[in-house]
Amino acid sequence: MHRRGVGAGAIAKKKLAENLRLASRPRDTEFLQLPAKYKERGTVLAEDQLAQMSKQLDMFKTNLEEFASKHKQEIRKNPEFRVQFQDMCATIGVDPLASGKGFWSEMLGVGDFYYELGVQIIEVCLALKHRNGGLITLEELHQQVLKGRGKFAQDVSQDDLIRAIKKLKALGTGFGIIPVGGTYLIQSVPAELNMDHTVVLQLAEKNGYVTVSEIKASLKWETERARQVLEHLLKEGLAWLDLQAPGEAHYWLPALFTDLYSQEITAEEAREALP
Amino acid sequence: MAMSFEWPLQPNVDTRQKQLAAWCSLVLSFCRLHKQSSMTVMEAQESPLFNNVKLQRKLPVESIQIVLEELRKKGNLEWLDKSKSSFLIMWRRPEEWGKLIYQWVSRSGQNNSVFTLYELTNGEDTEDEEFHGLDEATLLRALQALQQEHKAEIITVSDGRGVKFF
């Protein structure tokens, strides 16, 4: 923010200089009139306004700095505060994560926080990719990130994760967010998943697997359409084929296992089961 | 894409690699836990290792053989007969066991000592060691690995075999 010419006086000077430059072009007669306007009509008034603007900008800058020092710690430590802060920014049309430089990221450290979180998310997804093909529930991602951060790190909420992932998405890293039955599946490998694939994933969420018959019954699709989707999921490494299931082939989705497992056991058992 | 109905190895090549790796790991853990150092293929087929009654799933014999071959390639399995009906299974490769044994020998300053095979695996001195209770077949292979490195020599002693460490 400490660029040259931040004060209002400098802005006015700059504008005058530019007008003078334009005025020296013989063809543009309109611009010739502008500097004259300044001189003729209420130069004093303009200067007054500029002086006021300058004072306000200075006050604004001071307030921002005060805000930053007061709340920087809070932003890093408190997930609920972060949510409210983000909502507030959204209301006034500011995206604190929009750029790496500038007030929000540098003074508040908001950018750093989400950038670091993004890196942790990528690490978790890479580590588990061999198991789930690049698809993970938000819950499992949350558990793993918290584990990775250790006992003394700042708390991180699911809202934080979603925001960080949205940023990763915007960077074109192949991340995707797929809503399924009340939660989200986070896609970290740029597998091509269209609407058909997504809706089948959502169907599979109940039991951890899905069959051609189930797809036909619930979604009213033709056999061929169902088969193509399942073949694609197999090809992307997201689904495992089970030919020994009673009746017909079952297509299992490892990405959904921990979610299923957590529904059947208590929180205590879950904590003990995690490696 | 005609697939035999009995062939549950995954069609996706990458997934199949993960599947094989998971099976290998399971076999070694199972044998380590049940202290089984050798098995016949028939036994394996019926054991809870490859036949999960509760889940109603069993790995067919062709797939079992692929898993066993994978273990052989990794150095954890050795066929005990030409017809590949029974095998030695080592949850640690012979070289790894050899290393552990040699480390103990050096640590306790017993280079240039002679031991009977029994002393190594059942003697009081080795009670706290991981190789205590190791089966003879695996032990022999471990010592053979050390022999190749000129760190040991398998010799004959009064009523069996022994080893000298250098």
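Predicted model: local features only at pLDDT ≥ 70, side-chain atom pairs only at ≥ 80, totals over all residues.
Residues are numbered from 1 along each chain as its sequence is written, with chains lettered from A in the order in which they are written.

**Helix α4 of chain B**

- Helix α4(B) covers residues 94-107; helices here are DSSP runs of H or I with at least four residues, and strands are E runs of at least two, numbered from the N terminus.
- Its 14 residues reach 20 Å from first C-alpha to last, close to the expected 20 Å, which is 1.5 Å times one less than the number of residues.
- The buried residues of α4(B) are Pro94(B), Trp97(B), Gly98(B), Ile101(B), Tyr102(B), Trp104(B) and Val105(B).
- Seen down the axis of α4(B), these residues fall within an arc of 155°, so they line one face of the helix; the arc is taken from the directions from the helix axis to the C-beta atoms.
- They pack against β6 (114-116), α5 (117-122), α6 (136-148) and β8 (160-165) of chain B.
- Gly109(B), with a positive phi near 60°, follows α4(B).

**Chain B as a whole**

- Chain B has six helices and eight strands, in the order α-β-α-β-β-α-β-β-α-β-α-α-β-β from the N terminus.
- Of its 166 residues, 39% are buried.
- Among contacts (heavy atoms within 4.5 Å) in chain B between residues at least 6 apart in sequence, 48% join residues at least 24 apart.
- Chain B exposes about 9,700 Å² (Shrake-Rupley method, 1.4 Å probe), and carbon and sulfur atoms supply 50% of that area.

**Nonpolar cores**

- A nonpolar core is a set of buried Ala, Val, Leu, Ile, Met, Phe, Trp, Tyr and Cys residues joined through side-chain atoms within 4.5 Å.
- The largest has 27 residues, and Leu135(A), Val200(A), Val210(A) and Ile215(A) have the most contacts inside it.
- β2 (176-180), α9 (195-204), α10 (212-219) and α11 (223-235) of chain A each supply at least two residues of this core, with α11(A) giving the most, five residues.
- Apart from this core lies another, of 24 residues, among them Cys125(A), Val145(A), Ala164(A) and Ile177(A).

Methods:
Heavy atoms only, no water. Buried < 20%, exposed > 50% of the residue type's maximum accessible area, 1.4 Å probe, protein only.
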